[in-house]
Amino acid sequence: MTSALRSIIKKVDSCDVEVIFNGKSTNDYILIDDVYENSKISLPLFLSDEPVAGKVILKPCKRIVHQGIKIDLVGQILVTNDREERTEFTWQTKKYESEGSSFQDEKTLDFDFDCAKQYESYRGLNARVTYFLRVTVVKSVKNISHKEELWVQKVDPKHKALADNVHKKSYFKEKDFSKGVSMEVGVDDILHIEFKYDKKLFHLHERVLGQVSFKVVSLDLQLGEVSLVKREYIGVGDNQFFETETLQKYEIMDGTPIAGELVPIRLYLKSIPRLTPTYDLINNTFSVKYYMNLVLIAGDGKRYFKQQEIVVYRKPGQR
């Protein structure tokens, strides 16, 4: 059964450009939330080891004389500091026709790129990884050029066989947190709170299961929150800086709890917007990390907090 094809048609100068990706139906497009541009865009989805193949159809409005036609597949990293810095980490080119050629009827060009796509596509506050197809009709005065973006996702082979918490039935009173991760908030002998969760490594559709235990509470507490925080690091060494974004938070208490009280925590990662895998130093330019954050607010407005990094990865079939 032949897959439905989805095409993109755009008018560029004196020529309509139509891009058709092989085997990509409407279901193979993904809606991307661009925080920096405050917009959403639908893009064709490719896996990192999947070839990018299809055809470009050129529909001229008049006879076009050119010095050659080329189609490029480009992978580019853009980071914003004091200025924008662009790095092209992959590039593959297909050339068509020779100098002095012309066409005035519809022309179809097939393309098939198998170059390495070692990084996932990414859109962040100060960094982005972009893959795009660029069609160029080279002319003596002004080139006819069109770019069409595609979205790349990569499955982490190291974590494919790991068990998860999605389909396992679990009750807090039966859960053993002794082998999990623990972090404590303490202020002398007037406050001692322990936050435990079951592990540190999660895939994108998993849940974080934990509990907050109040051991010593002699402080007037007004509010307690648990949140998942995303931190985007730009650069390395002394020139590194980062931006922090709270992706989701929820209240775990309202008012001063009783010593000995336990508050269960369930955080479903699939419901969190703009969640990506953890990225470690992509092309030596940026990293993305995630942290579980516990915040307690006292009656006088003082804040007490603790955070612990978690690692997020992508399994096959996860968008």
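This is a predicted model: local features need pLDDT of at least 70, side-chain atom pairs count only at pLDDT 80 or more; totals for chains, interfaces and linings use all residues.

Glu-245 itself belongs to strand S19, residues 241-254. Because its relative accessibility is 13%, under the 20% limit, Glu-245 counts as buried.

The side chains of Glu-245 and Arg-274 are joined by a polar contact of 2.6 Å. Arg-274 sits in the loop that runs between strand S20 (262-268) and strand S21 (279-282). With a relative accessibility of 30%, Arg-274 is classed as partly exposed.

I turn now to the backbone. Most residues other than glycine have a negative phi. Arg-274, by contrast, has a positive phi, near 60 degrees. Asn-283 also has a positive phi, of about 50 degrees, and is not a glycine. Asn-283 is placed in the loop between S21 and strand S22 (286-298), and its relative accessible area of 28% makes it partly exposed.

The largest pocket holds about 520 Å³ of space. It is lined by 24 residues, and those closest to its centre are Leu-31, Pro-273, Arg-274, Leu-275 and Arg-319. Strands S3 (29-34), S11 (122-123) and S13 (144-153) each give two or more residues to the lining, with S3 providing the largest share, four residues. By class, the lining comprises 11 nonpolar, four polar and nine charged residues.

The second largest pocket contains about 410 Å³ of space. Of its 19 lining residues, Asp-156, Lys-158, Pro-277, Thr-278 and Tyr-279 are the closest to the centre. S21 and S23 each supply at least two residues of this lining, and the largest share, four residues, comes from S23. The classes here are nine nonpolar, three polar and seven charged.

Finally, strand S23 (residues 303-313) also contains Gln-307, which is partly exposed at a relative accessible area of 31%. Not counting residues up to four places away in sequence, Gln-307 touches Met-183, Arg-231, Tyr-291, Met-292 and Asn-293. Gln-307 and Met-183 are 124 residues apart in sequence, while their C-alpha atoms are 7.6 Å apart in space. Thank you for your attention.

Methods
Residues are numbered from 1 along each chain as its sequence is written. Side-chain values use heavy atoms; hydrogens and water are left out. Buried means under 20% relative accessible area, exposed over 50%, partly exposed in between (1.4 Å probe, protein chains only). A polar contact is a pair of N or O atoms within 3.5 Å; within protein, one must be able to donate a hydrogen and the other to accept it, and residues adjacent in sequence count only if both atoms are side-chain atoms. Contact means heavy atoms within 4.5 Å. On a 1 Å grid over the protein atoms alone, a cavity is a set of points where a 1.4 Å probe fits but cannot get out, and a pocket is an open set with protein on both sides within 12 Å along at least five of seven lines; lining residues have an atom within 4 Å of a point. Grid points are joined across faces, edges and corners, and a volume is the space filled by probe spheres set on the points. Ala, Val, Leu, Ile, Met, Phe, Trp, Tyr, Cys and Pro count as nonpolar, Asp, Glu, Lys and Arg as charged, and the others, Gly among them, as polar.
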